[in-house]
Amino acid sequence: MTTPVLLQHYIDGEWFDGGAEALASISPAEPDVTVARGRAATGDDVDRAVAAARAAARPWARTPAHERGAVLARAAAVVESSASQWGAELAREEGKTRGEGVAEVLRAAQILRFYGGEGDREAGEMFASPRRGEQILVARKPVGVVGVITPFNFPIAIPAWKIAPALTYGNTVVWKPAGTVPLLAMRLMQALADAGLPPGVLNLVIGGRAVGAGIADHPGIDALTFTGSTAVGRSLAAAGAARGVPVQAEMGGKNAAVVLGDADLDLAAEQVLLGAFRSSGQKCTATSRLIVTDDVADEFVGELVARIGKWTVGNPLDEDVHMGPVVDAAARASIRAGVDEAVRQGARVLCGGRPYEDGELAAGFYVPPTVLELPGTRLDVWREELFGPVLAVCRAADAETAFALADDSEYGLSAAVFTQDLTRALGALDDLDVGILHINSESAGADPHVPFGGAKKSGYGPKEQGRAAREFFTHTTTVYLRGGRPIA
């Protein structure tokens, strides 16, 4: 059995053991295996981390953008070279397959490299002045010390897409990762430290809710970025508003895939399958609702269920496995309860639904890929996020009805529409209020050079990734610049 990795925190350029309660990262595939262990950070550690970040803020902000970017570029090389090892650790710790784990590590490297090039892009704007002899410049400046709180489901990619723009725009950071997946957080911190990031610029404190609350409520934090549940995101937004601190929150999703009668059904079945069940459905952009028009519903749903039947569920380190476990016992119990309630409310189970009863699948935190056909949209499973491998299906008479059903949600993160009709595709852009719209591809997925984020109650504050990240991690100073020469 592999010896558990020692978990450590990183403050002001130094690694150290925590002093609070014990931390343990458990393999969701084999709950009797501990992947990493250590001790949580304390309130005093949070104070030290914030103090270190504040002390480093001015020197880092005054470091030339190309030098800041060079650190990110070097870190990207470290992450990329470690993708195989870290991807396997990610699979052991979080539960997604090894292939997905490696791909996530490589995505983190891609994000670091993208923001590493920020020094070669425009850094402000110039406007014409209505007055002779004057120019108006708009400069961008860092907001200061940023608190970063990240979730379990993308333990290295989501931290990278928050931390990389924060650093490249000259901010310093205090970061708390999800307590269930701390090992990959420590790996990302190692890469940035090895790349020459100065002490105090990025500080890692691992722990539970108390550590997160300590960061969110700390008077030394100038801005807060969070990805996680809608309930927590709203509470953080309220707390930030009360203190006058800007908050960026990416929250829940109940993402729909719409399959219309003219769609390429083979392509749609493949993409809906991947969108709903890769990463065990533990993506904020995962497909959790499916609307199919009546003219192809029987054929399409039958093909989808047949494809699911060919999927292999098992240990994520096995190269032949398509889907691993969910992250922990609490997640498994919550998903099971949601499925049971859906059946009680009238849903029909087309596949999955029942828990595994023996073997390694019963011992681990596995949930079978489940498809439920609903008699209508009043069931809880149509509106509430289960965050697992569960797909709820409704039928629609036509495209107009299908789009109305897809948009009937308080969430607005992502949607997918499958059609060969350009007019209908453009209609989806008008009819669906979402932050991300896929035409003929799965609802999950985002590239680092374009904005990411949701509409409605899925997002709060400026979008993430791409140049959109500047809107949160910087503020503007408008400069009225007039020379000393007398103006005729």
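**View 1. Strands E6 and E7 of the predicted model pair antiparallel through five bridges.** The model shown here and in the following views is predicted. Strand E6 covers residues 124–128 and strand E7 covers residues 134–142. Within this pairing, Met126 has Leu137 of E7 as its bridge partner, and Glu125 stands opposite Val138 in E7. The two strands form a hairpin with five residues between them. Gly133 lies in the turn and has a positive phi of about 75 degrees.

**View 2. E6 and E7 belong to an open sheet of three strands.** The order of the strands is E6-E7-E23, with antiparallel pairing. E6 and strand E23 (474–482) are the edge strands, each pairing on one side only. From one strand to the next, the twist averages 20 degrees. In a regular strand, side chains alternate between the two faces of the sheet.

**View 3. An open sheet of seven strands has mixed pairing.** Its strands follow the order E15-E16-E17-E14-E13-E19-E20. Strand E15 (348–351) and E20 are at the edges, and each pairs on one side only. On average, neighbouring strands of this sheet are turned by 25 degrees against each other, direction ignored. Strand E19 (residues 414–418) pairs with E20 in the parallel sense, over four bridges. Ala416 has His438 as its bridge partner in E20.

**View 4. Leu290 is a buried residue of strand E14.** Strand E14 spans residues 287–293, and E14 is one of the strands of the seven-stranded open sheet. The relative accessible area of Leu290 is 0%, so the residue counts as buried, for which the limit is under 20%. Leu290 and Arg37 are 253 residues apart in sequence, and their C-alpha atoms are 40 Å apart in space.

**View 5. The largest pocket has a volume of about 1200 Å³.** It is lined by 41 residues, and Phe152, Arg209, Gly228, Ser229 and Val232 are the closest to its centre. Helix H7 (209–216), strand E11 (223–227), helix H8 (230–243) and helix H11 (329–344) each supply at least two residues of the lining. The most comes from H8, which gives six residues to the lining of the largest pocket. By class, this lining has 21 nonpolar, 15 polar and five charged residues.

**View 6. The second largest pocket holds about 630 Å³ of space.** Its lining consists of 24 residues, and those nearest the centre are Arg107, Phe154, Ala444, Gly445 and Ala446. At least two lining residues come from each of helix H4 (98–116), helix H5 (157–168) and strand E20 (436–439). H4 gives the most to this lining, with four residues. The lining of the second largest pocket is made up of 12 nonpolar, four polar and eight charged residues.

**View 7. The structure holds zero disulfides.** Cys394 is in no disulfide, and the nearest cysteine sulfur, that of Cys351, is 16 Å away. Cys394 is buried, with a relative accessible area of 4%. Cys284 is also buried, with a relative accessible area of 13%.

**View 8. Asp12 has a positive phi although it is not a glycine.** The phi of Asp12 is about 55 degrees. Asp12 is found in the loop between strand E2 (9–11) and strand E3 (14–16). Its relative accessibility is 43%, and Asp12 therefore counts as partly exposed, the class between 20% and 50%.

**View 9. Lys456 is a residue other than glycine with a positive phi.** The phi of Lys456 is near 50 degrees. Lys456 is found in strand E21, residues 455–456. With 31% relative accessibility, Lys456 counts as partly exposed.

Conventions: Residues numbered from 1 in each chain as written. Predicted model: local features only at pLDDT ≥ 70, side-chain atom pairs only at ≥ 80, totals over all residues. Heavy atoms only, no water. Pairing = 2+ DSSP bridges. Axes fitted to C-alpha atoms, helices over the stretch in contact; angles between N-to-C directions. 1 Å grid on protein atoms, 1.4 Å probe; cavity = no way out; pocket = protein on both sides within 12 Å on 5 of 7 lines; lining within 4 Å. Points joined across faces, edges and corners; volume = space filled by probe spheres on them. Nonpolar A, V, L, I, M, F, W, Y, C, P; charged D, E, K, R; others polar. Disulfide = S-S within 2.5 Å. Buried < 20%, exposed > 50% of the residue type's maximum accessible area, 1.4 Å probe, protein only.
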